[in-house]
Amino acid sequence: MLLGEYHHNIDDKGRLVIPTIYREELGEEFIITRGIEKCLYVYSKVEWEKLVAKLNTLPFTKKNARTFSRSFFSGAAVCNSGRINITSPLVSYAGLTKECVIIGVNDRLEIWSQDAFNSFMEDNASELEEIAEHLFEVNDAL
């Protein structure tokens with residue numbers, strides 16, 4: 001399980017250090033791609049393969065499935081070291097400039113620009129209690 005929050009700087013060449021605690025969980029090779037809400041997702045090979053298997057069940061005749069797949073797979077890159085080189089399209093997509101926030105979100109990492117992450121947290125802070133209540137209501141009803 002990936003969890004926690006770490007702050008690191010991306011250098012001028014688009015390189016970012018992945019914290020050691022995450023590297024152990026991700027393994028030697030992992031995948032980085034566009035996430036949702038203007039952040040990047042990082043998956044271990046095992047989690048990536050699970051996700052790909054789910055995406056492969058989507059009908060290619062559906063426009064939303066094609067659109068999502070194009071965005072998700074076209075930005076994907078294999079990484080294999082503690083200091084990863086984030087491609088310029090991914091840097092641009094996530095608005096990464098200098099200060100980054102790397103968070104563990106169970107089965108993946110998310111990489112955010114610090115400003116975007118702070119805005120996201122501030123925008124959702126007042127709704128978090130209500131969000132949690134509704135999410136757990138659904139599970140309690142099962």
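Me: Leaving aside neighbours within four places in sequence, which residues is isoleucine 84 in contact with?
Reply: This is a predicted model. In it, isoleucine 84 is in contact with Gly14, Arg15, Leu16, Ile18, Phe30, Ile32, Cys79 and Ile111, sequence neighbours within four places being left aside.

Me: And which members of the largest nonpolar core touch the most other members?
Reply: They are Ile32, Ile84, Ile86, Leu96 and Ile111, in a core of 21 residues. Two or more residues each come from helix 1 (20-26), strand 3 (30-34), strand 4 (40-44), helix 4 (88-94), strand 7 (99-106) and strand 8 (108-113). Helix 4 gives the largest share, three residues.

Me: What lies apart from that core?
Reply: Another core, with 12 residues, including Leu55, Phe72, Ile103 and Phe117.

Me: Turning to glutamate 110: buried or exposed?
Reply: Glutamate 110 has a relative accessible area of 7%, so it counts as buried, the cut-off being under 20%. Its place is in strand 8.

Me: What does glutamate 110 touch, beyond residues up to four places away in sequence?
Reply: Its contacts are Cys39, Leu40, Tyr41, Val101, Ile102, Ile103 and Val105.

Me: Now the surface. Which residues make the nonpolar patch?
Reply: Leu128, Ile131, Leu135 and Phe136 make a nonpolar surface patch of about 410 Å². Leucine 128 belongs to helix 6 (residues 128-141).

Me: Why does leucine 128 count as exposed?
Reply: Because its relative accessibility is 54%, and exposed means over 50%.

Conventions. Residues numbered from 1 in each chain as written. Predicted model: local features only at pLDDT ≥ 70, side-chain atom pairs only at ≥ 80, totals over all residues. Heavy atoms only, no water. Core = buried A, V, L, I, M, F, W, Y, C linked by side-chain atoms within 4.5 Å. Buried < 20%, exposed > 50% of the residue type's maximum accessible area, 1.4 Å probe, protein only. Helix = DSSP H or I, 4+ residues; strand = E, 2+ residues; numbered from the N terminus. Contact = heavy atoms within 4.5 Å. Patch = residues over 30% accessible without salt bridge, like charges linked within 9 Å, V, L, I, M, F, W, Y side chains within 5 Å. Areas by Shrake-Rupley, 256 points an atom, 1.4 Å probe, with all protein chains shown as cover. Salt bridge = Lys/Arg side-chain N within 4 Å of Asp/Glu carboxyl O.
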